[in-house]
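Colleague: I have a chain open in the viewer and would like to talk it through with you. Could you take my questions as they come?

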Amino acid sequence: MIPTHRAPTHPGEILLEEFLAPLGITQVRLAGHIGVPIQRVNELVRGKRGVTPETAWLLSKAFDTSPEFWLNLQSAFDLAQTRPQRVIRPMGNVS
């Protein structure tokens, strides 16, 4: 069941907690493996950077997931972060 009472987790936290830590992979090793700067991986893990389509492809190949998995995590996070605070009612029939 998906929780509805909290904001979605940043994909970088998922990367760290569900992939890197359990597999014993360092950020440095991942960066070298997928051919990106260490700073890019570190900023992702710290939630300072989002998953781009390019990064989604790289992570999907490294962890045998789909790029959609990573992009969906990012999309859910982004939507939650930008949700309007004001109430907007449906327009209904506009004549």
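Colleague: Which residues does E13 touch, if we skip those up to four places away in sequence?

Modeller: Leaving out residues up to four places away in sequence, E13 touches E18 and V45. Please keep in mind throughout that this is a predicted model, and that what I tell you is computed from it.

Colleague: Where does E13 sit, and how accessible is it?

Modeller: E13 is a residue of helix α1, and with a relative accessibility of 44% it counts as partly exposed. In space E13 is 7.2 Å from G47, C-alpha to C-alpha, although the two are 34 residues apart in sequence.

Colleague: And V45, is that one buried or exposed?

Modeller: V45, which belongs to helix α3, has a relative accessible area of 13% and is therefore buried, the cut-off being under 20%.

Colleague: Let's move to α4. Which of its residues are buried?

Modeller: Helix α4 covers residues 53-63, and within it T55, A56, L59, S60 and F63 are buried. They span an arc of only 135° around the axis, so they sit on the same side of α4.

Colleague: What do those buried residues pack against?

Modeller: The buried residues of α4 pack against α1 (11-23), α2 (27-34), α3 (38-45) and α5 (67-81).

Colleague: Which exposed residues are on the face turned away from that buried side?

Modeller: On that face of α4 you will find P53, E54 and K61, which are exposed.

Colleague: What is the phi of D64?

Modeller: Phi of D64 is near 55°, a positive value in a residue that is not glycine. For background, most residues other than glycine have a negative phi.

Colleague: Stepping back, how many helices and strands does the chain have?

Modeller: The chain has five helices and zero strands, and along the sequence the pattern reads α-α-α-α-α. Its radius of gyration is 17 Å, well over the 12 Å that the globule rule gives for 95 residues, so the chain is more spread out than a compact globule. The C-alpha atoms fill a box of roughly 60 × 25 × 25 Å along the principal axes.

Colleague: What share of the residues is buried, and what about the surface?

Modeller: Of the 95 residues, 29% count as buried, while the accessible surface of the chain comes to about 7100 Å², with 54% of that belonging to carbon and sulfur atoms.

Colleague: What share of the contacts joins residues at least 24 apart?

Modeller: If we take contacts in the chain between residues at least 6 apart in sequence, 52% join residues at least 24 apart.

Colleague: Last topic, charges: how many positive and negative side chains are there?

Modeller: There are 10 positive and 8 negative side chains in the chain, and the centres of the two sets lie 8 Å apart.

Notes
Residues numbered from 1 in each chain as written. Predicted model: local features only at pLDDT ≥ 70, side-chain atom pairs only at ≥ 80, totals over all residues. Heavy atoms only, no water. Helix = DSSP H or I, 4+ residues; strand = E, 2+ residues; numbered from the N terminus. Rg over C-alpha atoms; globule rule 2.2 N^0.38 Å. Buried < 20%, exposed > 50% of the residue type's maximum accessible area, 1.4 Å probe, protein only. Contact = heavy atoms within 4.5 Å. Areas by Shrake-Rupley, 256 points an atom, 1.4 Å probe, with all protein chains shown as cover. Lys, Arg positive; Asp, Glu negative; His and termini not counted. Charge placed at Lys NZ, Arg CZ, Asp CG, Glu CD. Arc of directions from axis to C-beta.
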